Amino acid sequence: MNLSLYFKKFFSSNQASGIILIFCVLVSLLIANSSAGEGFQHFLDKEVGTHLFHLTYPVSIWINDGLMAVFFLLVGLEIKREMVEGELSSFKNASLPIFAAVGGMLVPAVIYTFFNSGTEYGSGWGIPMATDIAFSLAIISMLGKKIPNSIKIFLAALAIVDDLGAILVIAVFYTEQIHWTYLLLSFGTAALLFLLNFLKVTRLVFYIIPGLFLWYFLHHSGIHATIAGVLLAFSIPTNVSNVEISPLEKLEHQLHFPVSFLIMPIFALTNTNIAFTSEMVAGVTSTLGLGIICGLILGKLIGINLFSFIAIKLKLSSLPQNSTWPQMAGVGLLAGIGFTMSIFIALLSFKDDIPIQDEAKFAILIASFLAAVLGFVILSMSSKKDMNEIEN
């Protein structure tokens, strides 16, 4: 096969972004635990930007708060399109990810608190509540067409609600100070964006520029700025017509390649930068480690599926189209990939205790790895079983 044709086929496949992401995770871990680790960390800590308007931040902040806002913008666009004309267009389908996300936050927090209530680790209850949307979507994308698209959309919507919940938890319980002037400016900018939508403004530039201001105001308010991407996405107009390409579909198409093959790999490369220590390993069997691992794996699995089951039985929601409960179990496990969001909450929970931070990081890494493998295997096996039943 011609080499250029091979690369074109690879990059157009569903599995490509997931494979590249996993490769970047391995490279990052190798760098962090080699002689280059210290230099790489210094690079991530290096402040860049301009002092004008207070826009000087470490490289890692520009990646996690800046580039990832673009990732959230793309996911938000996909969710909105599905709400208007796809899998989430009915109330029963759209409500299920919300119920599932609530269960996926509450049950892990309860499990963690069961292990750590009254201990020095008690403040870390928010750690297993989070789902790393980038990694969970990357893993499920590797399954390609083996699973129905409705399951992928369900996981994306669940992860968005979950992350918004985690951001709210950070804002209320872990943020030292909210700058209310910037927060009010954020509300005003968001209102302007939705007003533009109401007035049927279709040129993307009139959304992108206020969107940049929205990111700036949110970031300075003390709230995680990636929420700006979701708010911007939901303000951009779309339609149900298959004839005319909407501004939302146009932007979604333009963002797909750079997000999948540039932003997400950079995110993985910089956020898996974890240097292993003996203290980390010892922490896995402590109540801290057990609370995190059981919270992310069992808590997410039980919480998401239990609340989904209750919502469906009460006829408030319905299963994603062409999906099965085994597939929902696989999604519940993939949502246990807490990773960067969990690590972020761990740093806030134990900001004055580096050894505890290291123990929490390793437990999160172990839990996320197990959740990814188990979720992938269960989804793959359940999909194979469904295919065999169809053939027979």
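Buried means under 20% relative accessible area, exposed over 50% and partly exposed in between, with a 1.4 Å probe and protein chains only. The model is predicted, so that local features need pLDDT of at least 70 and side-chain atom pairs count only at pLDDT 80 or more, while totals for chains, interfaces and linings use all residues. Residues are numbered from 1 along each chain as its sequence is written, and side-chain values use heavy atoms, with hydrogens and water left out.

View 1. A salt bridge is a side-chain nitrogen of Lys or Arg within 4 Å of a carboxyl oxygen of Asp or Glu. Arg-81 meets Glu-82 at 3.2 Å, N to O, and Glu-82 is buried because its relative accessible area is 6%. Arg-81 also meets Glu-252, at 2.7 Å, N to O, a pair that links helix α4 (residues 59–85), which holds Arg-81, to helix α11 (residues 247–271), which holds Glu-252, across 171 residues. Helices are DSSP runs of H or I, at least four residues long, numbered from the N terminus.

**View 2. Asp-162 and Lys-300 form a salt bridge whose closest N and O atoms are 2.5 Å apart.** The pair links distant parts of the chain, with Asp-162 in helix α7 and Lys-300 in helix α13, 138 residues apart. Both Asp-162 and Lys-300 are buried.

**View 3. Phe-309 is found in helix α13.** Phe-309 counts as partly exposed because its relative accessibility is 41%.

Definitions and conventions: Helices (H or I, at least four residues) and strands (E, at least two) are DSSP runs, numbered from the N terminus.
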